[in-house]
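Work through the exercises below with the model open. Each task is followed by a stepwise solution.

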Amino acid sequence: MTSRSWYPFAPGEAAGGRDLLDLLGGKGANLAEMSALGVPVPPGFTLPTTWCRELLSNGGGSTDSLNDSLEAGMEHLERAAERALAAAPGGCGRGRGAPARFGDRERPLLVSVRSGARASMPGMMDTVLNLGLDRDAVEGLAAWSGDRRFALDSYRRLIQMYGGVVKGLDREALETPLQRRKSARGVRFDHELDEEDLEAVIGELERVYAGATGEAFPTDPREQLRQSVAAVFRSWNGKRAR
């Protein structure tokens, strides 16, 4: 198979499979294999290892050609969301109507960036979850899902992961607002915090982020995605991976 700049997978279809382990890594190759077999794997796409080598040789930053591949991959994800909605009898419960779109303020499509390698490296490289959220999209997700606490907690996790993985901020400093709030409320677990608590935690996290980086948390979902992809590739040379 001719090498591609990105490899899509969705239920019943996939580019690549376990024969492309060197290009797709174990995770990407097996997701493609399962998708082709009809296993109901959520849709996604894999950036091949050639991108990792190219970016690391060029200083670890994103490139226009990589951004083009990301745009094509995101179009694939949005088309897959449309197909899933059309195939669902009567729509998708609360989600019937327009499908989710990346960056949409009312029906945000949340995306994760996960690492993979030819040899299994559990816990060695980094991950960023819930890309596609900002303050406005949180309210849209809350209304769409009917669960505002879920939406707020999703955004809280994004700020923490993005700050730590992409910006290299101190992980303890990013965890402190959550721990301080739990201590003040006399609870042990995250799920015991309510909406008001999470709003306070998010406000403090945004201040920590701005104070450490000199800029507000990014609201452009595509900028979030581009920066996260580059950061996860760079984590190949991270302390744990080394």
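**Exercise 1.** How are helix 3 and helix 8 oriented to each other?

Ground rules come before the solution. This is a predicted model, where local features need pLDDT of at least 70, side-chain atom pairs count only at pLDDT 80 or more, and totals for chains, interfaces and linings use all residues. Residues are numbered from 1 along each chain as its sequence is written, and side-chain values use heavy atoms, with hydrogens and water left out.

*Step 1.* Take the angle. Helix 3 and helix 8 (residues 221-234) pack at about 120°, with axes 11 Å apart. Axes are lines fitted to C-alpha atoms, for helices over the stretch in contact, and angles run from 0 to 180 degrees between N-to-C directions. Helices are DSSP runs (H or I, at least four residues), numbered from the N terminus.

*Step 2.* Classify. Angles under 35 degrees count as roughly parallel, over 145 as roughly antiparallel, 65 to 115 as roughly perpendicular, and the rest as oblique. Helix 3 and helix 8 are therefore oblique to each other.

*Step 3.* List the contact (heavy atoms within 4.5 Å). Helix 3 brings Leu-66, Asn-67, Leu-70, Glu-71 and Met-74; helix 8 brings Arg-222, Leu-225, Arg-226 and Val-229.

*Step 4.* Sort by class. Ala, Val, Leu, Ile, Met, Phe, Trp, Tyr, Cys and Pro count as nonpolar, Asp, Glu, Lys and Arg as charged, and the others, Gly among them, as polar. The contact of helix 3 with helix 8 has five nonpolar, one polar and three charged residues.

**Exercise 2.** Classify the packing of helix 2 and helix 3, and name the contact residues.

*Step 1.* The axes of helix 2 (residues 49-57) and helix 3 (residues 64-87) come within 11 Å and cross at roughly 150°.

*Step 2.* The two helices are therefore roughly antiparallel to each other.

*Step 3.* Trp-51, Glu-54 and Leu-55 of helix 2 touch Ser-65, Leu-66 and Ser-69 of helix 3. That contact divides into three nonpolar, two polar and one charged.
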